[in-house]
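Hello,

The structure you asked about is below. My notes on it follow.

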Amino acid sequence: MDKNICVACGMCADGCPEGFRMGADGLAEGFQDLPAEALEDAQQVAADCPVGAIFIS
Ligand code: SF4
């Protein structure tokens, strides 16, 4: 996750709430180790992030 380029659209938190949430600063953050069952959603929001700010390792 590169917060420096996040534009706070909220898509990742909507699409993969197990992996991402909007932080107090208004930007997305990964807040826990990604549960295995959320991996597919995380990969999808990573692909869909308008600025490519999400990296799934
Ligand atoms: S989808 Fe990308 S730009 Fe939108 S809130 Fe998430 S990290 Fe930020």
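**Ala8 and its surroundings**

Setting aside neighbours within four places in sequence, Ala8 is in contact with Met22, Gly26 and Leu27, where contact means heavy atoms within 4.5 Å. This is a predicted model, in which local features need pLDDT of at least 70 and side-chain atom pairs count only at pLDDT 80 or more, while totals for chains, interfaces and linings use all residues. Residues are numbered from 1 along each chain as its sequence is written, and side-chain values use heavy atoms, with hydrogens and water left out.

Ala8 lies in the segment before helix 1, which covers 11-15. Helices (H or I, at least four residues) and strands (E, at least two) are DSSP runs, numbered from the N terminus. The phi of Ala8 is near 60°, a positive value in a residue other than glycine. Most residues other than glycine have a negative phi. Ala8 is partly exposed, with a relative accessible area of 36%. Buried means under 20% relative accessible area, exposed over 50%, and partly exposed in between, using a 1.4 Å probe and protein chains only. Asp33 is 25 residues from Ala8 in sequence and 21 Å from Ala8 in space, C-alpha to C-alpha.

Met22 belongs to strand 1, residues 20-22. Not counting residues up to four places away in sequence, Met22 touches Ala8, Gly10, Ala13, Leu27 and Ala28. Its relative accessible area is 32%, so Met22 is partly exposed. Between Met22 and Cys12 there are 8.8 Å in space, C-alpha to C-alpha, and the two are 10 residues apart in sequence.

Leu34 is in the loop between strand 2 (28-30) and helix 2 (39-48). At a relative accessible area of 30%, Leu34 is partly exposed. Leaving aside neighbours within four places in sequence, its contacts are Cys16, Gly19, Leu39 and Ala42. Leu34 and Phe20 are 8.9 Å apart, C-alpha to C-alpha, and 14 residues apart in sequence.

**Val51**

Val51 is in the segment after helix 2. The C-alpha atoms of Val51 and Val7 are separated by 7.5 Å, although the two residues are 44 apart along the chain. Val51 counts as partly exposed, at 32% relative accessibility.

**The ligand and the cysteines**

How many residues surround the ligand? There are 15, and the closest are Cys6, Cys9, Gly10, Cys12 and Cys49; a residue is near a molecule if one of its heavy atoms lies within 4 Å of it. By class, this shell has 14 nonpolar, 1 polar and no charged residues. Here Ala, Val, Leu, Ile, Met, Phe, Trp, Tyr, Cys and Pro count as nonpolar, Asp, Glu, Lys and Arg as charged, and the others, Gly among them, as polar.

The disulfide count comes to 0, a disulfide being a pair of cysteine sulfur atoms within 2.5 Å.

Regards
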